[in-house]
Amino acid sequence: MALDANQTRYLSRLEGKTYFLLGDEACAYGAMFAGCDFFAGYPITPASEIAEMIAEELPKSGGICVQMEDELASIAAIIGAAWTGARTMTATSGPGFSLMQENIGYAIMTETPCVIVNVQRSGPSTGQATKPAQGDVLQARWGTHGDHNIIALAPNSVQECLDLMLDCFDLADNYRTPVIMLMDGAIGHIRERVTMPQLATITHASRKMAAPGEDVFGGSDLVPGMIHYGAGQNIHVTGSTHLANGMRDVATPKVHDVLIKRIYAKIDKNRERIVRTELDVAQNSVARVGVLSYGATARPAYGAVKRARGEGKPIDFLRLITIWPFARQQVAEFAENFDTLLVPEMNLGQISREIERFVDCRVVSVPKIGGIPHTVGEILHAIREVA
Amino acid sequence: MAEPRHRLMEYLRSEIMPHRFCEGCGCGTVLNAFVNAVEGLGLEPTRMVCVSGIGCSSWIPSPYFKSDTLHTTHGRPIAFATGVKIMRPDLTVVVIAGDGDVAGIGGNHLIHAARRNIDLSVFMVNNMIYGMTGGQAAPTTPRGVKTTTTPYRNVEPAFRAADLVVAAGASYVARWTTYHVFPLMESMQNAMRKKGFGFIEIISQCPENYGRRIGLRTGPDFLRQFKEQSIRIEKTAGMSEEELRDRIVIGRLCDRDQPEYVSQLHQIKQEQVAAVAQEVAG
Amino acid sequence: MTSGCGSIEVQVSSSGESEGGSGLIYIDGDLCKGCEICISFCPLKVFENSEKLNRKGYYVPIVAKEDECVGCRLCELLCPEFAIIITNE
């Protein structure tokens, strides 16, 4: 939905300007530019700065920011608020993300648009609270129970922390799904230069709305229209398996089959429109070795690729911007001529597993845990071993 | 002659009546009192959102009451309702759910909603058991009772949720039973009418999954027990903890005026929007 | 009507409207689940058990003492099934 007068007035003071911000802060401003109306969250390192910035800024644009008693309440509140028509979000890290899983599943099942930012930190459990990691990648895909699909994006710069928030809110509204912004603590807590968008250059997706009497939970389209609370339509929202009109039916197998498969297909069949990657191929030679990375790791990875090219090795590079749905087509094409594909990650090889399913070449995971991102030298070393 | 239609059927999804509650279940009575309360207040269901959790009493508003409804995850209706009310303060938002849901798994949300004094009405149907799942012990199950998960005896005392809610800071708190339906209905009206956190603990019966194991096999058996066990709060002055231990204290536990949560949030928003407008204009 | 020993013919109960009375109390037999709350708690003992079965096999009460009813509406409010309608004030 388009920005309202209060939001436009607030943003007009910022548009086009350049600032020096934390990734967390840029994320907050991204939410503002996306027209976020409501934030509910709970403090957690390294995401607290998002809540703090939003607490200060959101009321200025006519929105409301609250701190709830825990993460379960936070995700619940943003789902309830979304059904009034608001653009809503929360922000957390691993332990809070774990707590939110049940209600993320509820948002998926009820097809509620909302944005969940997970600034990943080193786990499991309390882990290294103040240190970055990329260990929640598979959890973002499968953390909640049951068969489902999800959209998750990973920024690799402070600027992307802002820009990708616009995408997150649009994707949430377009596909009536929760969307996860998979930041990592390294990006969340560095400061870089950020340029605020010009309002004239950005658009905001709107939720498809159903007409009075139309079904809100099914129909001939993959994404049904929505009707918000207060429209006098007696909207029946439930996390139980339900018919197209929202009424519960757990007894008929076909009802569940139709519902779950449609919710799954909503994202699965729209991969081409959803998935974004960034490709950089070696010039002048066909590369037999590639490096694939995402988030903070993509920066030293790309640095290593450039150094290797400087040593005369043709290396191709692919960065995932969309983590889920997985960029299987792009990855398969990327690796078509490879002998080896290197995958540096700040985890023990979560995405490399997914890659193996779609490529014929050897996949070499370059994991690093312990809270310090890969260095260019470490990844270059891995490249030299295979190229 | 034509058979009369219950005047309150228009508030219900009549196409799915009779409802699924067991014979003699208190849920039907609570639904009855609630619909009467809505009618008596002149509330339009189109201006209401009813939120519930998981359990038999969460079925009271969803699917049976015909308004916007939100059937959420176990223990969380108050948190979901908070989001709805913040963004639509003009709608009457009501939570109806069970004791296990609201005061067990959802206890933390209950405490903080009461503390914030958010303008919600929460009607907690307390049947002293986890009924839907077959009769497991709940935080509200009396000490000594045998349930499916306390087969020897329950060693925990029963939680007096309404007392906790008073201490947490709610504006309006009452306790009634499904026998005391007239004052129950009036209390529901008071809670919905009053700005602030309104909480009613409704002691109710589960003959199927609780009663038949403790010798109260029917609805009337329970209601007779409630009638006998209840004591009006006005009459408890001077009585000791020991004397009150096995009684159900009914009546209005508190009724006070305090700053309300949602209106204060909107106040901040208005102040900040005005400040920006001034900055941009000046 | 029930038939003889060993079998009961299930009949649809149409109403428990008081016979020859003021038309004050109406029981929708199809909604009743035979919980007997109305029978137990009417202050004037207006309702009584019957052998009338409804479609679901529940015994539907009858209005036995229609003249005693004072219109307190306790039964209407207590009934978990919305099966009792008090038609006159």
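**Getting to know a predicted complex**

Me: Over which residues of chain C does pLDDT stay under 50?
Reply: This is a predicted model, where local features need pLDDT of at least 70, side-chain atom pairs count only at pLDDT 80 or more, and totals for chains, interfaces and linings use all residues. Residues are numbered from 1 along each chain as its sequence is written, with chains lettered from A and ligands numbered from 1 in the order in which they are written. pLDDT is the predictor's confidence in each residue, from 0 to 100. The stretch under 50, for which the model has 37 contacts beyond four places in sequence (contact: C-beta atoms, placed from the backbone, within 7 Å), is residues 1-22 of chain C.

Me: What pLDDT does chain C average?
Reply: In chain C, 72% of the residues score at least 70. The average is 78.

Me: How many residues does chain C bring to its contact with chain B?
Reply: Chain B puts in 23 residues. By class, the chain C side has twelve nonpolar, four polar and three charged residues (nonpolar: Ala, Val, Leu, Ile, Met, Phe, Trp, Tyr, Cys and Pro; charged: Asp, Glu, Lys and Arg; polar: the others, Gly among them). Chain C brings 19 residues.

Me: Which residues of chain B does Val84(B) contact, leaving aside neighbours within four places in sequence?
Reply: Val84(B) also reaches chain A, where its contacts are Gly80(A), Ala81(A), Trp83(A), Thr84(A) and Tyr229(A). In chain B, its contacts are Val49(B), Val51(B), Leu70(B) and Val93(B).

Me: What ipTM does the predictor give the complex?
Reply: The pTM is 0.96. The ipTM is 0.97.

How values were computed:
Contact = placed C-beta atoms within 7 Å.
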